[in-house]
Amino acid sequence: MNSRILFFNLAFFCFVFLSCAKENDITLKSEESLCSQLKNLELDIGFSDKVNFLYKNAQKTNYEEGFAIFDNGILNRYEYFKGDVNSPSLKINLTKKIDGILHNHYSSLYPIFSVGDLNALYEIIKGGFIRDDKTFLFGLVSFNGTSYLIKFIDFEKSLMFFNKNFFDSNTIAEMDMRYKRLRDIYLVDNNLIQAGELAFLDLMDSSGIALLRGNGVFNKWVRIEKGAANLVIEVPCDYVK
């Protein structure tokens with residue numbers, strides 16, 4: 001049985017391996033499109049309730065929380081986990097393939113995904129814990145109500161991107177520095193949330209992933225891209241660059 005504890009950390013990540021996980025057999029294929037999955041999420045009260053739970057807790061706690069998502073074909077099943085107090089981290093004991101991850105960022109953390117979050121996603125990929133790359137969700141809600149989902153659009157391109165940019169501690173540090181520089185540049189003419197979105201979209205350009213933004217009650221998700229004049233724009237769910 002494959003088992004490991006994942007420590008999500010917003011700067012760098014540490015994984016404790018309880019036994020070796022297979023590095024191949026990463027995923028099964030599905031024909032469900034992004035558009036149809038987003039429509040299903042609008043009707044999934046359980047999903048929006050879990051995001052809302054994490055949002056409310058992010059406003060009053062000093063530790064991260066989250067859920068691993070398991071799709072049983074009828075209703076999603078959620079397994080709760082949390083991190084240490086005053087430490088930007090999550091501890092997840094994975095023993096089987098999952099359909100997604102939701103987590104939150106409390107008040108002193110980024111209102112959007114961090115490089116640390118991305119490295120955690122990469123470790124989940126490498127560990128072979130993604131059941132289906134076509135439907136897998138990697139989600140975040142912050143203390144101020146911003147919410148985002150990462151979806152794979154071209155999984156092979158994503159693998160190449162992560163293999164190149166999250167190869168070791170040096171490449172991860174380089175990504176983190178680039179991300180910070182991009183945020184600083186965009187903060188000149190934008191607020192923190194806008195700057196974070198623009199920086200993330202620049203950082204993950206040509207990565208094979210789509211970034212989705214949630215509404216205020218977490219039951220509608222729209223795809224966003226960087227448009228002309230450094231503006232974040234909403235695009236159709238089946239948008240092709």
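I looked up the largest cavity first. In this predicted model, its lining is V51, L54, L102, H103, G139, L140, V141, Y148, L149 and W221. The elements giving two or more residues to that lining are α2 (45-58), β6 (100-105), β7 (137-142) and β8 (147-152). β7 supplies the largest share, 3 residues. I took helices (H or I, at least four residues) and strands (E, at least two) as DSSP runs, numbered from the N terminus. By class, the cavity lining has 8 nonpolar residues, 2 polar and no charged. Nonpolar covers Ala, Val, Leu, Ile, Met, Phe, Trp, Tyr, Cys and Pro; charged covers Asp, Glu, Lys and Arg; the others, Gly among them, are polar.

I noted the volume of the largest cavity as about 30 Å³. A cavity is a set of points on a 1 Å grid over the protein atoms alone where a 1.4 Å probe fits but cannot get out; a pocket is an open set with protein on both sides within 12 Å along at least five of seven lines; lining residues have an atom within 4 Å of a point. Grid points join across faces, edges and corners, and a volume is the space filled by probe spheres set on the points.

Next I checked the second largest pocket. Its space is about 260 Å³. Of its 15 lining residues, I153, R223, Y239, V240 and K241 lie nearest the centre. That lining splits into 6 nonpolar, 3 polar and 6 charged.

Last, the whole protein: I recorded 6 helices and 11 strands.

Residues are numbered from 1 along each chain as its sequence is written. Local features need pLDDT of at least 70, side-chain atom pairs count only at pLDDT 80 or more, totals for chains, interfaces and linings use all residues, and side-chain values use heavy atoms, with hydrogens and water left out.
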